[in-house]
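Here is a friendly walk through one structure, feature by feature.

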Amino acid sequence: MMSARGLGLSPALRQSTLVSRRGMWTALSFPSKCSLISQRGVQTESLPPSASQEILNAQRLHRPSSPHFTIYQPQLTWLGSIANRITGSALSVLLYGFSLSYLVLPAFGLSFDGAQLVDIVHSLPEWVKLTGKTFLAAPFAFHSWNGVRHLLWDSGKFLTVKGAYITGYAVLGATAVTTVGLVCI
């Protein structure tokens, strides 16, 4: 009834009652001196699929945009998910880029073999080597440990919110230890 009051239909609803005639419900309206209910017919027309798509796109322009994730407080669960996707993509790009260059560059007369790569890395300053090893070790360690975390979830363990945070912090700790270990090798 609250919506009827909001729309101003309360007098009309109070005046009408439902009466059953042979299994069908019809509304009886009692005359009133203060309200008239106007009725109008609904008209439909069939449209081709392209026109319905255009109408849908026009409606989408008038919808409010949903809030972006920057207005929310960062949480370990979604930051870990985003980092897992980024590290997986970056490691894949590096692997495929190195593999393709190892296969394709000799076809263009450029040598790209293991001995030449070792000589290039050996000639670099020590700080560049450590920085490069860190940039390779950290994503590798994080993505590997997060994969173990997902395997635990697949086995049905740590599926609560508390379990997700415990494993999230465990992944961060294991990533830090493993990164330091890989850089020191």
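Q: Let me start with a single residue. Is F158 buried, partly exposed or exposed?

A: F158 counts as partly exposed, because its relative accessibility is 39%. You will find F158 in the loop between α6 and α7. Look at its backbone too: F158 has a positive phi of about 60°, although it is not a glycine.

Q: Before I go further, how should I read the confidence of the model?

A: Bear in mind that this is a predicted model. Where pLDDT is low, the predicted coordinates should not be read in detail. Here the protein averages a pLDDT of 82, and 77% of the residues score at least 70.

Q: Which elements have the lowest and the highest mean pLDDT?

A: Helix α1, residues 2-7, has the lowest mean, at 47. At the other end is helix α7, residues 161-184, with a mean of 97. Over residues 1-6 the pLDDT stays under 50, and the model has 6 contacts for this stretch beyond four places in sequence.

Q: Now the aromatic rings. How do I describe two of them together, and how many pairs are there?

A: A pair of aromatic rings is described by the distance of the centres and the angle of the planes. The structure holds 4 aromatic pairs. One of them joins F98 and Y102, a stacked pair with 6.2 Å from centre to centre and 25° between the planes.

Q: Where do F98 and Y102 lie?

A: Both are in helix α4, residues 76-104, and they are 4 residues apart, about one turn of the helix. F98 counts as partly exposed at 38% relative accessibility, and Y102 is also partly exposed, at 42%.

Q: What angle do the planes of Y165 and Y169 make, and what is such a pair called?

A: The planes of Y165 and Y169 stand at 40°, so the pair is tilted; the ring centres are 6.5 Å apart. Both residues belong to helix α7, where they sit 4 residues apart, about one turn of the helix. Y165 is partly exposed, with a relative accessible area of 26%, whereas Y169 counts as exposed because its value is 54%.

Q: Which residues form an aromatic cluster with F98?

A: Y102 and F112 do: together with F98 they form one aromatic cluster.

Q: One last residue, then. Is N146 buried or exposed?

A: N146 counts as buried, because its relative accessibility is 2% and the cut-off for buried is under 20%. N146 is found in helix α6, residues 126-154. Leaving aside neighbours within four places in sequence, N146 is in contact with G80, N84 and V171.

Notes. Residues numbered from 1 in each chain as written. Predicted model: local features only at pLDDT ≥ 70, side-chain atom pairs only at ≥ 80, totals over all residues. Heavy atoms only, no water. pLDDT = per-residue confidence, 0-100. Helix = DSSP H or I, 4+ residues; strand = E, 2+ residues; numbered from the N terminus. Contact = heavy atoms within 4.5 Å. Phe/Tyr/Trp six-rings, centres within 6.5 Å; stacked < 30°, edge-to-face > 60°. Buried < 20%, exposed > 50% of the residue type's maximum accessible area, 1.4 Å probe, protein only.
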